[in-house]
Structures are given as C-alpha cells and as structure tokens.
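Dear colleague,

Please find the structure below, followed by a short account of what was found in it.

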Amino acid sequence: GHIPSTSFAPPWIFGAPEPGTVGLGYDADAAVAALQSYLDENGMTIDEFNAMDIVLMHNTSEGHARIAAAIQQMWADVLGANVRVENQEWAVYLTTIQNDTPLSDMPHVWRLGWCADYPDENNWVHEVFNADAGANRLRRTSGRFDELTAAAGVSQDPDERLALYAEAEAILAAEETAYAPIYHYTTVNVTHQWLERNFPPLGANDFFNWTIDWDAKLEAQGQ
C-alpha cells in the first residue's frame, strides 16, 4: 500500500510537489543511453564496468533485502549491469554511510529512508540534503539547490516558499539525480464504521477530534 514516489517529500508535507510532477520517471531507453554515455566517456566496456564490483548496500531487513534484490535484477536485465548486494546491521550501517567515511569504504549505492520531524519541506530537502546546513550524506557541493532551500526556510510568504521548494525538488530529482526515490511510507489503520475520525498525515492520533455516532454503533451491535 505504499505510494510510488518521484520526489523526496510525500504529498502531505507542506511544499512537496504533487506526485509525478518532478523527477525522471521510468525510461529504460534513457537509462541504457546514460550508462553507455558513461562507458564511452571513460573508454570502458560493460564487462569492464561490471569488473568494478559495484556494491548496493542496505541495512538488515527482509523488506529492504527484497527491494535490493529486485533492483539488482532490474539493472541486470535492463542495463546489463551486475551489482553485488550487501547488508549491515543498523548501527554499523549508519556509521558506514556517514558523510565523512572515506570513499574507499563507502558502498557505491545505498538505501535510506526519512521520517519527518514536522510536516514542512524544510525538514526534508534542507535538513537532509543542503550541503551547507543539512546532513548531506550524498556529499553534494553547494549550489542553486542550497540557495533555494535556505531562502525558503526564512521566507514569510507561503506562496514564495512553495515556488522555491518546487524548484529545489526538481533540481534534486531531475538535474542532479543524486538519489532514486522508491516509495512513500503509508500506515494501515483499522477503525469502526461508527467512529467519525480524521487521519493526521504526521504524528500521533488527535483523539480530541474523534466522535462516536452512537446510533450507528448501537445498530452495529444489534441494540
């Protein structure tokens, strides 16, 4: 039930783009052409590329392992690129992917999720990816993207902030292509048909907004 993503922040976060409006989407021909361009630029064959022993790493989890295996198979089938999948326990993994780990000790590709501290793009694109003020695990160099997220964080105009974040997400997902979004998490809830409630996009349930339709409840209970 998770939501396929083409951008970083999910649609219920302030400033997030509508699903499918930014990013590259799936284009096998473009992916093949991009890889071939890299090979040509470096005077390599696909066999020589595969000899580089590309590592795709994830933290230990049955779900992450299935996704990594699917990616591994897709890249082999579509690109002819072979990658080796590795996993590490969470604490070790976080140390491995720190932005000060020597590149020789880093996996070539690795997965990571993000859960919001508050529902605003500042907590997503700025605090995660900004090269000057964010965690910057991708080791980006500062540029237009970083100027945009910094400006959006101090602007008092919601419309201006929306425009700044839209441009920032587009740069991250389509120009820099420093990451490949997979999906946005969802939560499965079970509720009664006689309970009138809301589903907050972030944080705990706000029970004070819930009401019970007593007639419907009594009817459902055969009373």
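**The cavity and the salt bridges**

Pro4, Ser5, Thr6, Ser7, Ala9, Pro11, Pro17, Pro19, Gly20 and His184 line the largest cavity. A cavity here is a set of points on a 1 Å grid over the protein atoms alone where a 1.4 Å probe fits but cannot get out, and lining residues have an atom within 4 Å of a point. Its volume is about 30 Å³, taken as the space filled by probe spheres set on the points, which are joined across faces, edges and corners.

This is a predicted model, in which local features need pLDDT of at least 70, side-chain atom pairs count only at pLDDT 80 or more, and totals for chains, interfaces and linings use all residues. Residues are numbered from 1 along each chain as its sequence is written, and side-chain values use heavy atoms, with hydrogens and water left out.

The whole structure holds eight salt bridges (a side-chain nitrogen of Lys or Arg within 4 Å of a carboxyl oxygen of Asp or Glu). In one of them, aspartate 53 pairs with arginine 84, with the closest N and O atoms 2.6 Å apart. Aspartate 53 lies in the loop between α2 (46–50) and β2, and arginine 84 in strand β3, so the pair ties together parts that are 31 residues apart in sequence. Helices (H or I, at least four residues) and strands (E, at least two) are DSSP runs, numbered from the N terminus. Arginine 84 also meets glutamate 86 in a salt bridge (2.1 Å, N to O), and Asp53, Arg84 and Glu86 are linked in a network.

With kind regards

Technical notes
On a 1 Å grid over the protein atoms alone, a cavity is a set of points where a 1.4 Å probe fits but cannot get out, and a pocket is an open set with protein on both sides within 12 Å along at least five of seven lines; lining residues have an atom within 4 Å of a point.
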